[in-house]
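Please look over the chains shown below.

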Amino acid sequence: MTISVLRPKEPQSAADSGTSNERELRLLARVAQQDREAFRELYFIYHRRLSRFITRLTTRHDVIEEVINDTLWTVWKKAGDFRAASQVSTWVLGIAYRQALTSLRRANVHVLLDDPARDHLAAEDVQATDELREWLDEALEQLPLEQRTVIELTYYLGHSCEEIAAIMGCPVNTVKTRMFYARRKLKATLAPQTDRE
Amino acid sequence: MDIFHSTRTMHREVWDLLPWLANGTLDEAQVRRCEVHMQKCSDCAREFEAQQALQQELQAAPAVSHTPHASFRKLMAQIEADEVPAPTVEAIAAPPRRVRWLAAAVIVQTVGLISLASFMTWKLHEIREQPRYTTLSSAPATLVRGPVPRVVFDNSVSVAEVAGLLHTYDAQIIAGPTEAGVYTLLFAQQQDERSLSESVAHMRDNPHVRFAEVTSVGAPQ
């Protein structure tokens with residue numbers, strides 16, 4: 001059996017030359033000097049990423065917008081405190097994750113069900129009636145928030161296990177355990193769908 | 001036995017790493033270990049293919065359509081409002097410098113006293129609200145039937161670490177410790193025997209756990 005494996009990106013330090021992290025570091029340095037143009041650029045880079053990430057945690061538009069803006073407001077205030085011990089994205093996503101938890105608690109959001117916004121998104125996205133995509137979205141929605149977060153940070157945002165531990169403020173083993181249970185639940189939920197194929 | 005244990009441990013380690021092998025974030029040594037193992041383990045090789053498919057599916061999911069421009073304008077308005085200095089009332093005449101210093105000192109002291117009083121009131125309330133201790137094994141006594149997990153924690157582990165570990169696995173202590181330091185656990189989610197064995201095997205790899213197994217006899221309380 002031939003197995004194709006992605007090799008690790010080189011070099012793997014936080015200040016990779018020529019990578020998006022390098023660009024974000026430069027922007028952040030300017031933001032620390034209250035450069036509004038640099039902040040605007042950083043905002044638009046992260047708005048898309050954070051929209052996708054936070055939509056996995058809730059589909060309430062008001063909460064999503066609040067979390068994005070609270071996160072980037074913190075970035076504006078604390079840009080000068082960033083010491084590049086991690087990637088910029090790890091730092092920003094860590095802020096976003098904590099803001100999301102706070103906002104969700106405040107909004108008393110427990111379950112992602114019967115949300116008209118979700119139905120609207122589903123109608124927009126599933127034009128080709130991709131059944132597997134629907135099953136996958138529904139399966140993900142059934143996961144506890146922490147497991148969903150690990151899934152999103154791994155597969156969509158492409159973070160390493162150690163980065164996810166930093167973002168979520170937990171040990172690496174906890175990230176692996178959450179992923180272990182998430183994979184098992186997804187398998188159980190998606191089994192009827194894959195059996196049909 | 002050692003070889004078997006080593007192979008089983010390697011299998012579990014690689015199995016856990018497969019999502020990050022699929023997204024390309026493992027280091028070179030981890031990638032090599034996974035590749036070598038997958039040459040011999042068809043389960044892991046198949047699971048890796050599934051992980052790659054899942055990764056592709058999630059990457060391909062359409063982006064959520066939110067408009068950033070309006071949100072950005074709203075945030076900038078907040079930033080601008082936050083940075084505008086508070087309007088000052090025109091003074092008739094500025095008091096002498098010495099009086100201004102004295103006034104400032106009085107204000108600082110007053111703020112300090114109020115803060116200290118508030119902090120002490122809050123702290124007293126917090127102490128009254130919090131129990132002096134919490135127990136990890138707070139489940140009511142029940143008769144547990146069927147296989148149950150039994151664990152021995154490492155000597156150096158703290159109560160907080162045990163609590164964290166139990167929270168991670170969604171489990172609670174229902175009996176123990178015995179003289180040998182064995183605890184009986186109960187998972188919040190009911191699991192079949194295979195899933196239970198997998199969960200316990202995973203727990204066994206945790207550095208805080210010295211020993212973990214599933215026993216076939218129920219633990220009457």
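Axes here are lines fitted to C-alpha atoms, for helices over the stretch in contact, and angles run from 0 to 180 degrees between N-to-C directions. The structure is a predicted model.

**Helix packing in chain A**

With axes defined that way, α1(A) and α2(A) pack at about 130°, and their axes lie 8 Å apart. The crossing of α1(A) past α2(A) is left-handed. On the α1(A) side, contact comes from R23(A), E24(A), L27(A), L28(A), R30(A) and V31(A). On the α2(A) side, the contact residues are E37(A), A38(A), F39(A), E41(A), L42(A), I45(A), Y46(A) and R49(A).

**Backbone exceptions**

Two residues of chain A carry a positive phi. Q34(A) is not a glycine, yet its phi is about 65°. Q34(A) sits in the loop between α1 (20–31) and α2 (36–55) of chain A. A84(A), also a residue other than glycine, has a phi near 60°. Its place is the loop between α3 (61–78) and α4 (88–107) of chain A.

Chain B has a cis peptide bond. G176(B) and P177(B) are joined by it, with omega about 0°. P177(B) lies in the loop between β2 (171–175) and β3 (183–187) of chain B.

**Helix α3 of chain B**

Helix α3 of chain B covers residues 42–60, which is 19 residues. From first C-alpha to last, α3(B) reaches 27 Å, close to the 27 Å expected at 1.5 Å a residue. Which residues of α3(B) are buried? They are C44(B), A45(B), E47(B), F48(B), Q51(B), L54(B), Q55(B), E57(B) and L58(B). An α-helix has 3.6 residues a turn, so residues three or four places apart point the same way.

**Confidence**

Chain B has a mean pLDDT of 79, and 76% of its residues reach 70 or more. Within chain B, confidence is highest in helix α2 (residues 28–40), at a mean of 95. Confidence there is lowest in helix α5 (residues 97–129), at 76. For the complex, the predictor gives an ipTM of 0.76 and a pTM of 0.65.

Definitions and conventions
Residues are numbered from 1 along each chain as its sequence is written. Chains are lettered from A and ligands numbered from 1 in the order in which they are written. This is a predicted model: local features need pLDDT of at least 70, side-chain atom pairs count only at pLDDT 80 or more; totals for chains, interfaces and linings use all residues. Side-chain values use heavy atoms; hydrogens and water are left out. Helices (H or I, at least four residues) and strands (E, at least two) are DSSP runs, numbered from the N terminus. The expected span of a helix is 1.5 Å times one less than its number of residues. Buried means under 20% relative accessible area, exposed over 50%, partly exposed in between (1.4 Å probe, protein chains only). pLDDT is the predictor's confidence in each residue, from 0 to 100. A crossing is left-handed if the near helix is turned anticlockwise from the far one by less than a right angle, and right-handed if clockwise. Contact means heavy atoms within 4.5 Å.
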